[in-house]
Amino acid sequence: MTGGAVKNGSLTSLRLPLSLWALTRVILLICVFKVVVVPGPDITFDVSNIYQGWYEVLRTGTYPLDDVTWQYPPAAAFPILAPGLLPFLDYASAFFVLAFLCDAFVFGLLVRTGRRAGRRLDGAWMWLAGVPLLGPTAYARYDVMVTAVAVAGLLAAGRSPRVLGALAGFGAVLKVWPALILVGTAKGRATFRAWSTAAGAAAAVLLLCVLWMPGALAFLSFQRDRGTEVESLGAMVFHVVRHFGWEGEARMNYGSIEFLGPYVSAVSTAALALTIAAFGWLLLWRIRSRRFVSSTVADAAFVAVLLFTVTSRVLSPQYMLWLVGLGAVCLAYRSSRMRVPVYLVIWATAVTHFEFPVWFSHVTRSDPLGIAVLFTRNGMLIAAALIACRILWRQTVTEPRLTEVAIPAQAVQPEREKALSGSF
């Protein structure tokens, strides 16, 4: 009787989040199917035109060698081809349905994890809120599928480093950034198992893609030639100097709106330097870290992806989905202290929906509204990155060192008291 009551109570407690998840996802589907049209550029254009165009090329047995907008690792062909598994739907509809299913998969994982000892449902709530705050863009890019792989890997880390490694390796050939979920693995055997498995999985998937179709590595040159996207941190400079006579312009280039003109290459180089500096900080943290708690893998992954997102010369709106997913995993652990930076990411995600697509025309024109919304979003991301780095460093480096210094001093104190009292 008691067990049945507990089970019923548990199911009752899930009724609200499940209902809200279903409601918000129906709204997203209504938007991507254009029953309700969101103001701004057509967010489904990439799926119905670019993705479908890639799909038609991939079906012929080759990667899109002549399309500079193909800037993704070779395993990206899998989600692009996946809508073919639903032949009773047109390409765009099938893609949206698959994105919905991946969203449901992540939510289910977070709910299941949140009901375990030492965990909480905050992660599921984070995902529930974050995806619809980004708007229909969440279902109109294949990033939700990549995020599902990364979230599954992080949630498996505590039980099986090899599963973490396998999913990280596959994700790296899917869209590179999931390799960063390995940065926080505990030193020693766990790291060896996870990293070696990741290397093997990535090599196997890459080899499969190279043997499968020609042009698997064409994305390298296309990605190298990209400029500074108007939504990135570096672009903030040009949004301001446009009002002081800068002679450049914002236009479509390599599949996105980028700034072109004087000093753009210098800013792109500076962004690359910041990315290298971020990598250096992570390497230093990795060397000096001493304590790894249950949430460290997720916390470090969140910090790493946040750093590389903020310093990137490209900061597309769908990148926020990566941070929402990793932040949700952090909040699923009671030992995580990332609540403040994760909340900043949630707010930044809400602002991103206005930055794109609602007020994107203002952003591309660098008018006061466009500058305000972009600076607000990027400012919150910068703050989140700095706070998250500080939290990770304190929890894993500073506090363990202070503990190690304090313990010997406490151990000597009783002996000193005995000596002073004449016990010896």
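1. Let's start with helix 6 (residues 143-156) and helix 7 (residues 161-175) of this predicted model: their axes come within 8 Å and cross at roughly 160 degrees. That crossing makes helix 6 roughly antiparallel to helix 7, a label used for angles over 145 degrees. Axes here are lines fitted to C-alpha atoms over the stretch in contact, with angles running from 0 to 180 degrees between N-to-C directions. Helices are DSSP runs of H or I with at least four residues, and strands are E runs of at least two, numbered from the N terminus.

2. Who touches whom? Asp143, Val146, Val149, Ala152, Gly153, Leu154 and Ala156 in helix 6 meet Val163, Leu164, Leu167, Phe170, Gly171, Leu174 and Lys175 in helix 7 (contact means heavy atoms within 4.5 Å). By class, this contact has ten nonpolar, two polar and two charged residues, with Gly counted as polar.

3. Now to strand 3 (residues 256-260), which is mostly covered, with four of its five residues buried (under 20% relative accessible area, 1.4 Å probe, protein chains only). Strand 3 pairs with strand 2 (residues 249-253) in the antiparallel sense over five bridges, and Glu249 has Leu260 as its bridge partner. Pairing requires at least two DSSP bridges between the strands.

4. Strands 2 and 3 form a hairpin with two residues between them, and Tyr254 in the turn has a positive phi of about 55 degrees. Strand 1 (residues 228-229) also pairs with strand 3 in the antiparallel sense, over two bridges; there Glu229 is partnered by Glu258.

5. A reading note: residues are numbered from 1 along each chain as its sequence is written. In this predicted model, local features need pLDDT of at least 70, side-chain atom pairs count only at pLDDT 80 or more, and totals for chains, interfaces and linings use all residues, while side-chain values use heavy atoms, leaving out hydrogens and water.

Technical notes:
Angles under 35 degrees count as roughly parallel, over 145 as roughly antiparallel, 65 to 115 as roughly perpendicular and the rest as oblique. Buried means under 20% relative accessible area, exposed over 50%, partly exposed in between (1.4 Å probe, protein chains only).
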